[in-house]
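Dear colleague,

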Amino acid sequence: MNPNPIQYQASQLWQTLATQETAWTYKQAIIKTWELLKQTGKLILLLVLLVVVVLVWWWSLGYRGGYDFRKWLETEQPTLEELLQEAVKRLLMPFEWLANWAQHTVKELLGIPDEKAIASGTERQAIAPAPKRVTEVDVT
């Protein structure tokens with residue numbers, strides 16, 4: 001029996017830590033942990049950026065919609081019925097865009113030509129970006 005168990009245990013621990021296999025194992029663990037931390041950081045950053053972009057997009061959509069609505073109210077002076085029809089039309093517009101995009105994507109993936117593309121002779125005209133509008137801003 002060893003008269004000093006603490007020294008014996010310290011010696012056993014040092015022998016285990018000093019082996020080549022232990023050093024390699026800890027090195028691999030540190031490398032893998034660093035990779036996981038980097039990937040997690042990138043994912044969190046991308047999610048934060050996505051939330052910021054969605055919030056800015058939502059704000060700009062609301063701001064632009066309110067501006068257009070006010071301009072329409074001031075210039076057209078619609079009746080209550082026209083006002084309600086326009087409100088319902090605006091609320092359903094994103095769903096219409098989504099349906100058109102989905103239909104175009106499915107046709108493109110399946111290789112089905114668009115009727116609009118056949119009629120005009122071009123391939124990519126079904127969903128074209130809207131023309132840029134120049135709007136006047138009244139600063140008074």
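Below is what was found, taken element by element.

Please keep in mind that this is a predicted model.

The structure holds 3 aromatic pairs. In one of them, the rings of Trp57 and Trp58 have their centres 6.0 Å apart, and because their planes stand at 55°, between the limits of 30 and 60 degrees, the pair counts as tilted. Trp59 and Tyr63 form another aromatic pair, and this one is stacked, with 5.5 Å from centre to centre and 20° between the planes. Both Trp59 and Tyr63 belong to helix H2, where they sit 4 residues apart, about one turn of the helix. In an α-helix there are 3.6 residues a turn, so residues three or four places apart point the same way. As for accessibility, Trp57 and Trp58 are both exposed, and Trp59 and Tyr63 are both exposed as well.

What happens just after H2? There Gln77 takes a positive phi of about 50°, although Gln77 is not a glycine. This residue lies in the loop between H2 and H3, and Gln77 counts as exposed because its relative accessible area of 64% is over 50%.

Helix H3 covers residues 80-110, and Lys107 lies in it. Is Lys107 buried or exposed? Its relative accessible area is 13%, which is under 20%, so Lys107 is buried. If its neighbours within four places in sequence are left aside, Lys107 is in contact with Ile112, Asp114 and Glu115.

Finally, there is the largest pocket, which has a volume of about 780 Å³. It is lined by 18 residues, and those nearest its centre are Leu61, Gly65, Arg90, Met93 and Trp97. The elements that give two or more residues to this lining are H2 and H3, and H2 gives the most, with 10 residues. Sorted by class, the lining of the largest pocket has 10 nonpolar, 3 polar and 5 charged residues.

With best wishes

Technical notes
Residues are numbered from 1 along each chain as its sequence is written. This is a predicted model: local features need pLDDT of at least 70, side-chain atom pairs count only at pLDDT 80 or more; totals for chains, interfaces and linings use all residues. Side-chain values use heavy atoms; hydrogens and water are left out. Buried means under 20% relative accessible area, exposed over 50%, partly exposed in between (1.4 Å probe, protein chains only). Contact means heavy atoms within 4.5 Å. On a 1 Å grid over the protein atoms alone, a cavity is a set of points where a 1.4 Å probe fits but cannot get out, and a pocket is an open set with protein on both sides within 12 Å along at least five of seven lines; lining residues have an atom within 4 Å of a point. Grid points are joined across faces, edges and corners, and a volume is the space filled by probe spheres set on the points. Ala, Val, Leu, Ile, Met, Phe, Trp, Tyr, Cys and Pro count as nonpolar, Asp, Glu, Lys and Arg as charged, and the others, Gly among them, as polar. Rings of Phe, Tyr and Trp (its six-membered ring) pair if their centres lie within 6.5 Å; planes under 30 degrees apart count as stacked, over 60 as edge-to-face and the rest as tilted.
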